[in-house]
Each structure stands twice: as C-alpha cells, then as structure tokens.
Amino acid sequence: MLKITASILLGLILTQPVLSATPRTALVIGNAAYQDGPLSAPVRDARALAKVLRKLGFHVIEKFNLDRRGMTNAIRAFGRQLRERPGVGLFYFSGHGLQEGGINYLIPIGASESLKEAYDLPYETVSVDYVLKAMTQVSNAVNLVFLDACRTPPSFVKSWAKGQAIPPGMAKQSDVPGSLIAYAAAPGKPALDGKKGKNSPYVKQLLKWIQAPNLSIADALTEVRMAVIKATHGQQQPQYSNALNEKFSFSGRHDLPTPPVDEPVKISCPECPQLLRTCQR
C-alpha cells in the first residue's frame, strides 16, 4: 500500500488552488449589436470571461445583446439568486455606456430609437446604481462590479446633446461598503476594443490575472492595470475603487480566514532548574 507522509500531503494541499466554499454568482452581459455604433469585442469578451469564471467556481448567468427590459430582467434574476445563495456576487458589462451628472448609465440594444434627450436616460438605459442596489440589498460578503463600458458615446447620443461635449467612459462611482468597482479605463477616458477577432486589451489581461493562484483581487487588478498601460502605450489606464470588507481572491487562499497564531507554551519547573533549561532549548 502506498504511504504518504503528513508533510508530503500538506505540501500537495498547499500547492493546489483552494476555492472558497462560499457561493459565487455572476451576471455577465455583452452588448455589441447596436444599430448606431456597433462594437466588435463585447460578446467575445463576455463569453471568454464567463468561461473562466465557471472554472473559478462561479454560477454564471450569461446574456448577450439585451434591450432594456432584457437587462432589467437579468439583473432582477441575478438579485434573486444572490438572495438565495449569498456570498460573492460579480457583475460584468461590456458595451456602450455614458455618464450624465456623475451617474453612470449602461446602454441597452435598441436605445437609439427611444433615447432622445438626456432626461430619458433613467427610463431608457440601466444605471450602475440600479445594479449595485440589486447586489447590496442582500447579505453578500463580497460585491464585484466590472464596467467595461468606457467607449466613445455613439452618434445618436451626440445628436441630442446639442453640441455639448459628452465625456467618454464612466464617472467614478461613490464607494459602496463591501464592494469593489473596476473600470476598464480611467474615469472620463475611452477603452479600446483591440484587434479584430481578439479580446480587448482589458479583458485579455483580466482573464490572465484572475486565474493567478494566491493573488488577492487588489493585486490582480494592479497587474491588469500595469499590463494594459504597457500594451496600449498609456492610452488606456484601468482603475478600480476598493471598499471590500473582506479579503478575496479568485483563485487561491486569500478568501479564507487567517488562522489564529498559537501562543507559545510556557513551561514552569521551579523544582527542577536543570530540566527547565533543557526544555527551553
């Protein structure tokens, strides 16, 4: 019979990625088929990310090219699953987005037909605040939001701006306790779709670094930022805002509680000084 010593067994365990038993649920949306301003990367990026998240223990709701009703229905279903399986929630959106008055809006498919004025935004798009409320009104330990919607606004948005400059990309969200919000580009700056048929520069690095074992999410996103800056020659600079209350790692031991440190054993042997000296060596 093959015998494995305790030290060898411990070594094998410590070298394997350890995923938390905490439930992990993700909603991944890729919107690309816009009538005005179609995009090449979002569906491909969303599919690639969904595949990796499943490997990392997530139950993934995967949706593509949704109109507003489809987006809100998917977010509601996501919120219900988080309520039933609280733990780690992740939301990823790739597509067109814009900011107005410091509020971030995700643009559904078909918005060019209904979005005529700035005051239509709350009714014809989906705000990031709406997503955050769906995630934070349950007892989730960790909420992760990835906004890969930092593209130049499509021409139909510019038409109702009446010559006013609309900043590209997303505005910086206010911190939400227990949440991390990651941006594919710096606030107010556009992200790149990348080469045709390939993942965008941001998602290419995100796929790589979230699978790195024993790397905290903060360290993973720092590596993503540095790699994207290098790959785009400084044109795109991802950022994130971290207000998590717990440690988290996609692949590794960082989401496990730190074991307590054992106190040193004190030996008292007043009647035997020689024995005491021997024990203290």
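Arginine 80 sits in helix α3, which spans residues 68–84. The model is predicted. A search of the whole structure turns up four salt bridges. Asp148, Arg151 and Asp193 are joined in a network of such bridges. Three strands make an open antiparallel sheet.

- Arg80 belongs to a surface patch of positive charge, together with Arg68, Arg69, Arg76 and Arg83.
- The relative accessibility of arginine 80 is 47%, so arginine 80 counts as partly exposed.
- Alanine 77 also lies in helix α3.
- Alanine 77 and isoleucine 61 are 16 residues apart along the chain, and their C-alpha atoms are separated by 8.9 Å.

**The salt-bridge network**

- Arginine 151 and aspartate 193 form a salt bridge, with their closest N and O atoms 2.9 Å apart.
- That pair links distant parts of the chain, 42 residues apart. Arginine 151 is in the loop between β7 (142–148) and α7 (155–160). Aspartate 193 is in the loop between β8 (179–183) and α8 (201–209).
- Arginine 151 also meets aspartate 148 in a salt bridge, at 3.7 Å from N to O.

**Another salt bridge**

- Lysine 172 and aspartate 175 pair through their side chains, at 3.9 Å from N to O.
- Aspartate 175 is partly exposed, with a relative accessible area of 46%.

**The three-stranded sheet**

- The strand order is β4-β5-β6, and the pairing is antiparallel.
- β4 (97–100) and β6 (126–127) stand at the edges. Each has a single partner strand, so one side of each lacks a neighbour in the sheet.
- Four bridges join β4 to β5 (residues 103–106) in the antiparallel sense.
- Glycine 97 has leucine 106 of β5 as its bridge partner.

**Asparagine 31**

- Asparagine 31 is placed in the loop between β1 (24–30) and α2 (42–55).
- Its relative accessible area is 0%, so asparagine 31 is buried.
- Asparagine 31 and alanine 149 are 118 residues apart in sequence, yet 9.6 Å apart in space, C-alpha to C-alpha.

How values were computed. Residues are numbered from 1 along each chain as its sequence is written. This is a predicted model: local features need pLDDT of at least 70, side-chain atom pairs count only at pLDDT 80 or more; totals for chains, interfaces and linings use all residues. Side-chain values use heavy atoms; hydrogens and water are left out. Patches are made of residues with over 30% relative accessible area and no salt bridge: like charges are joined within 9 Å, nonpolar side chains (Val, Leu, Ile, Met, Phe, Trp, Tyr) within 5 Å. Accessible areas come from the Shrake-Rupley method with a 1.4 Å probe; for residues, only the protein chains shown count as cover. Lys and Arg count as positive and Asp and Glu as negative; His and the chain ends are not counted. The place of a charge is taken as NZ of Lys, CZ of Arg, CG of Asp or CD of Glu. Helices (H or I, at least four residues) and strands (E, at least two) are DSSP runs, numbered from the N terminus. Buried means under 20% relative accessible area, exposed over 50%, partly exposed in between (1.4 Å probe, protein chains only). Two strands pair if DSSP finds at least two bridges between them.
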